[in-house]
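Student: Could we go through this model together, beginning with the ligand?
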Amino acid sequence: MKRLGFLASGRGSNMLAIIRACESGRLPASPVLVISNNPDARALQLGSEHGLEALHMSRRTHGDAAALDQAMTAAMQSHQVDLVILAGYMKKIGPQLLSAYAHRILNIHPSLLPRHGGRGMYGLHVHEAVIAAGETETGVTVHLVNAEYDSGDILAQRTVSVAADDDAESLAARVLEVEHRLYTEVLGKILSGEITLPE
Ligand code: GRF
């Protein structure tokens with residue numbers, strides 16, 4: 001079974017959806033590790049509750065960016081992680097982790113990239129921008145991670161309609177449900193070989 005390592009900064013609901021899919025046997029993978037830059041992240045607590053090793057790693061614990069990158073890479077490797085799953089991780093990925101896990105790091109974003117991605121486009125900002133632009137359709141993107149925010153190869157997208165009376169909160173809630181389903185489905189397709197990652 002492939003082993004999953006998560007990077008998460010906050011609430012961890014996407015991570016939890018994936019863990020539950022593994023626990024129920026819907027996803028043939030083992031979640032083994034979660035690393036957060038935020039010691040108070042609910043994702044760390046959830047990870048511990050579900051038997052994952054949960055580590056706080058940040059510039060506070062490791063000093064400079066290179067030392068942190070090295071330690072995060074070592075942690076993923078020592079837990080024999082096969083796929084790194086970003087689930088609400090708010091930091092850029094260091095060059096060492098990117099190269100150790102080339103084409104094996106995934107992210108989910110709550111819009112139809114390339115629309116509404118990039119620096120500063122996270123959380124409600126994304127949904128506010130969709131509503132401000134008067135768009136009638138938004139969605140979810142699962143993509144590979146590279147050195148820039150939200151710009152790696154797209155693996156899957158799913159659309160969500162914007163209702164006339166949506167505000168950012170109502171839209172975020174509807175998009176999040178789709179995120180949970182799509183992330184799990186894409187992982188399932190990677191594990192079954194239906195989606196092939198570049199070598
Ligand atoms: C999600 O909307 C995800 O698309 C984005 O950050 C949010 C994380 O939410 N990258 P959660 O921590 O998974 O609940």
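Predicted model: local features only at pLDDT ≥ 70, side-chain atom pairs only at ≥ 80, totals over all residues.

Student: How far is an oxygen atom of the ligand from an N or O atom in the side chain of Arg11?
Tutor: That distance is 2.5 Å. A ligand oxygen is also 2.8 Å from a polar backbone atom of Gly12, and a backbone N or O atom of Asn14 lies 2.8 Å from an oxygen of the ligand.

Student: How much of the ligand's accessible area does the protein cover?
Tutor: The protein covers 86% of the 370 Å² that the ligand has on its own. Accessible areas come from the Shrake-Rupley method with a 1.4 Å probe.

Student: Which residues surround the ligand?
Tutor: The residues with a heavy atom within 4 Å of the ligand are Arg11, Gly12, Ser13, Asn14, Gly88, Ile108, His109, Pro110 and Glu179. Helix H1 (13–23) and strand S5 (105–109) are the elements that give two or more residues to this shell; helices (H or I, at least four residues) and strands (E, at least two) are DSSP runs, numbered from the N terminus.

Student: Changing topic, how many salt bridges are there?
Tutor: The count is six, taking a salt bridge as a side-chain nitrogen of Lys or Arg within 4 Å of a carboxyl oxygen of Asp or Glu. One of them joins Arg115 and Glu135, whose closest N and O atoms are 3.5 Å apart.

Student: Where do Arg115 and Glu135 lie?
Tutor: Arg115 is in the loop between S5 and helix H6 (124–132), and Glu135 is in the loop between H6 and strand S6 (137–144), so the pair ties together parts that are 20 residues apart in sequence.

Student: Which peptide bond is cis?
Tutor: The bond from Leu113 to Pro114 is cis, with omega near 10°. Pro114 lies in the loop between S5 and H6.

Student: And what is the phi of Gln80?
Tutor: Phi of Gln80 is near 50°, a positive value in a non-glycine residue. Most residues other than glycine have a negative phi.

Methods. Residues numbered from 1 in each chain as written. Heavy atoms only, no water. Polar contact = N/O pair within 3.5 Å; in protein donor to acceptor, adjacent residues only side chain to side chain.
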